[in-house]
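Hi,

Here is the structure I promised to pass along. Have a look at it first, and then read on for what turned up.

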Amino acid sequence: MDYVSALVPPAVMAVAFIALIKTIVKSQGGVNKSKEDAAVDAALVRSDAAKRNGVPEGQGA
């Protein structure tokens, strides 16, 4: 019975990992993808503008 107790934790972790990957893949794209892309684009524009204006990063523009 020691082999069963030795194999259960890796099996549980494998199942949990597969469930996590499936959840991540399902949450990519879809209806909110354009909103997420727009938010990232806006953040990049703010970051670039701050760098050009000499504002230290994290200080705001």
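Helix H2 covers residues 33-53, and its 21 residues should span 30 Å at 1.5 Å a residue; the end C-alpha atoms are 30 Å apart, so the two values agree. Just after H2 comes Gly54, which takes a positive phi of about 80°. Please keep in mind that this is a predicted model.

The other helix is H1, residues 2-27. From first C-alpha to last, the 26 residues of H1 reach 39 Å, close to the 38 Å expected at 1.5 Å a residue. There is a bend of about 25° in H1 at Val8, with a proline, Pro9, following within four residues. A glycine turns up just after H1 as well: Gly29 has a positive phi of about 75°.

Now for the surface. Which residues form a nonpolar patch there? They are Met1, Tyr3, Val4, Leu7, Val8 and Val12, and together they have about 650 Å² of accessible area.

As for the whole chain, its secondary structure comes to two helices and zero strands. Of its 61 residues, 2% count as buried. The chain exposes about 5,500 Å², and carbon and sulfur atoms supply 66% of that area.

Best wishes

Key:
Residues numbered from 1 in each chain as written. Predicted model: local features only at pLDDT ≥ 70, side-chain atom pairs only at ≥ 80, totals over all residues. Heavy atoms only, no water. Patch = residues over 30% accessible without salt bridge, like charges linked within 9 Å, V, L, I, M, F, W, Y side chains within 5 Å. Areas by Shrake-Rupley, 256 points an atom, 1.4 Å probe, with all protein chains shown as cover. Salt bridge = Lys/Arg side-chain N within 4 Å of Asp/Glu carboxyl O. Expected span 1.5 Å × (residues − 1). Bend = angle between axes of the 7 residues up to and from the residue. Buried < 20%, exposed > 50% of the residue type's maximum accessible area, 1.4 Å probe, protein only.
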